[in-house]
Amino acid sequence: MLPVSTDSSTPVNSRIPTAGECDFGAWMLNWLVQAWERSMSGLSFVWLEITGKCQLECVHCYADSGPQGAHGTMATEDWVAVIGQVAALGARMVQFIGGEPTLHGALPDLVGHALGRGLEVEVFSNLVHVSEPLWEVFSQPRMRLATSYYADQADQHESITKRRGSYTRTKTNIIEAVRRSIPLRVGLIDLADGQRVEHARAELAALGVTEFGVDRLRQVGRGVRDLQPDVAQLCGHCARGKIAIATNGDVWPCVFSRWMPVGNVRHQSLAEIVIGPAMSDAEQQISAGVKRNPGSDPARPGCDPLCCPSTMCDPQCSPSCSPSCRPANNCRPTGNCAPNY
Ligand code: SF4
């Protein structure tokens, strides 16, 4: 399936060069072994960022999305082809995200295609508007929803989303998702002192939401305040079995690390990208950068236990985007995560 497995009958150790062999040979062998190891672990989860368009203009949006955003240069058939490659590489789950993925007219077909290829599917939506046909799409087996929430009061919520009425709309659709028993995760994004995050958490619990967590501001896109996007904004687990694909076909280690493309699916196969040297370099950069982060947890090298992508990428936790998840809150065995992403 993957181009590096040129001869699967040949043990890797039998190709170790002797001391007299050139450095290039050793470098190539090392690269092939790393590629082989990555190919063996494979992909588990892929973000499909199918649009930059959104009804909202959240002040922290790492994707810099809004009403002026576009679906980009990836045509629907490009996404269909990519989903096929994702499934062939062994991934278990994709997440459609944006922007607001429900604004992409091909979402129902793309979801159907992903489900048909045996993938689990999550749609990360602001839940501002969900049509009846889309509710039918979301009610299919192996479908989940995720959304973001900010406060239990409209004025505070909407001071972040920058759209009046968004609090009531999102809350109404959260209630509808719960009523329809559609698995739903809610990410509470804590952006400022005084934000009623705990009140929002209590409100969500009262609405019947069982899966939620809290994340901090990521200084990427419109989230930039006093820092620039760099690996300090990441958890260190990006690229390990996870990738994100942008509206122009660029592939990133995750949705936050959008300044470090590792390939483009319009010019290369996904298999070439995930085992390629750019991916390997990105992984090493991220890992080294996070290890320098004084907030890292020594028990989990390179990973801040409170950071959302880390828990998102934790095998015990479900994936999320603007997300959030403190292990104590929404990881199994406490019961709120899908297993083994
Ligand atoms: S954070 Fe999500 S809902 Fe808000 S503008 Fe960005 S894509 Fe839209």
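Student: Where does pLDDT stand over residues 294-341, and how many contacts beyond four places in sequence does the model have for them?

Tutor: pLDDT is the predictor's confidence in each residue, from 0 to 100. Over residues 294-341 pLDDT stays under 50, and the model has 118 contacts beyond four places in sequence for this stretch (a contact is two C-beta atoms, placed from the backbone, within 7 Å). Residues 1-20 also stay under 50, with 20 such contacts. Where pLDDT is low, the coordinates should not be read in detail. This is a predicted model: local features need pLDDT of at least 70, side-chain atom pairs count only at pLDDT 80 or more, and totals for chains, interfaces and linings use all residues. Residues are numbered from 1 along each chain as its sequence is written.

Student: What is the average pLDDT of the chain?

Tutor: The chain averages 79, and 72% of the residues score at least 70.

Student: Is Leu127 buried or exposed?

Tutor: A residue is buried with 20 or more other C-beta atoms within 10 Å of its own, exposed with 12 or fewer, and partly exposed in between, with C-beta atoms placed from the backbone. Leu127 counts as buried because it has 26 C-beta neighbours inside 10 Å. Its phi is near 55 degrees, a positive value in a residue other than glycine.

Student: What is the phi of Ser181?

Tutor: Phi of Ser181 is near 60 degrees, again positive in a residue other than glycine. Ser181 has 9 C-beta neighbours inside 10 Å and therefore counts as exposed.

Student: Which residues does the cis peptide bond join?

Tutor: Gly98 and Gly99, with omega at about 15 degrees.
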